[in-house]
Amino acid sequence: MEQQNLIHVKKLIMKNIKMKLILIFVIFFLSSCKSQQVYPLITSINSVPNGSYIKDIDNEYDDFVGIWKASFDNKNITLKISKEYKKYFTFNEIYYYQDILIIQHSITNSNGEILENYITSDIDNSKIISVLY
């Protein structure tokens with residue numbers, strides 16, 4: 001009988017240790033997880049923590065997306081504006097993500113001859129020169 005009590009006590013101790021380990025693991029896991037904070041476009045980059053997402057929450061960019069055409073000084077200008085989501089940037093040791101507009105253009109003369117053509121489906125980060133709102 002005494003041996004059964006001893007076995008029972010050992011089981012309780014082991015169960016208690018397992019519960020404490022699980023609790024410690026859960027606390028550690030939850031404390032190491034940071035949820036990404038989302039901010040509207042008008043937010044200053046200097047005021048956001050690392051890993052933030054400056055998002056087009058109100059779909060303000062949507063009105064600009066599309067193909068825009070104009071004529072000026074006997075030249076035809078075409079702008080292709082597209083929206084890209086969650087682009088990664090760094091600024092003053094802050095890393096963040098931001099929705100951006102990509103603006104590409106082409107210019108032709110009145111005869112249809114291409115003078116400039118920067119409309120492409122391949123956009124690399126080096127061509128992004130400004131992310132100002």
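How many aromatic pairs does the rule for ring centres give? The count comes to three aromatic pairs, where rings of Phe, Tyr and Trp (its six-membered ring) are paired if their centres lie within 6.5 Å, and where planes under 30 degrees apart count as stacked, those over 60 as edge-to-face and the rest as tilted. One of these is the stacked pair of Phe-89 and Tyr-96, with 5.8 Å from centre to centre and 25° between the planes. The model is a predicted one, in which local features need pLDDT of at least 70 and side-chain atom pairs count only at pLDDT 80 or more, while totals for chains, interfaces and linings use all residues. Residues are numbered from 1 along each chain as its sequence is written, and side-chain values use heavy atoms, with hydrogens and water left out.

Phe-89 is buried at a relative accessible area of 13%, and Tyr-96 is likewise buried, at 2%; here buried means under 20% relative accessible area, exposed means over 50%, and partly exposed lies in between (1.4 Å probe, protein chains only). Tyr-88, Tyr-95 and Tyr-97 form one aromatic cluster. Lys-86 lies over the face of Tyr-97, at 5.8 Å from the ring centre, and the charged end of Lys-86 also sits over the ring of Tyr-53, 5.3 Å from its centre; a charge is taken to sit over a ring if NZ of Lys or CZ of Arg is within 6 Å of the ring centre and within 35 degrees of the ring normal.

In soluble globular proteins, nonpolar side chains tend to be buried together.

Ile-81 is placed in strand β4 (residues 75-91) and counts as buried, at 10% relative accessibility. The C-alpha atoms of Ile-81 and Phe-64 are separated by 6.7 Å, although the two residues are 17 residues apart along the chain. When neighbours within four places in sequence are left aside, Ile-81 is in contact (heavy atoms within 4.5 Å) with residues including Phe-64, Trp-68, Leu-101 and Ile-103.

Side chains of opposite charge can pair when their charged atoms come close. The structure holds three salt bridges, each being a side-chain nitrogen of Lys or Arg within 4 Å of a carboxyl oxygen of Asp or Glu. In one of them, the side chains of Lys-83 and Asp-56 meet at 2.7 Å, N to O; Lys-83 lies in strand β4 and Asp-56 in the loop between β2 (52-55) and β3 (66-72), so this pair ties together parts that are 27 residues apart in sequence. Lys-83 also forms a salt bridge with Asp-62, in which the closest N and O atoms are 3.1 Å apart, and this pair links strand β4 with the loop between β2 and β3 across 21 residues. Lys-83 is buried, with a relative accessible area of 14%, and Asp-56 is buried too, whereas Asp-62 is partly exposed, at 36%.

Terms used. Helix = DSSP H or I, 4+ residues; strand = E, 2+ residues; numbered from the N terminus.
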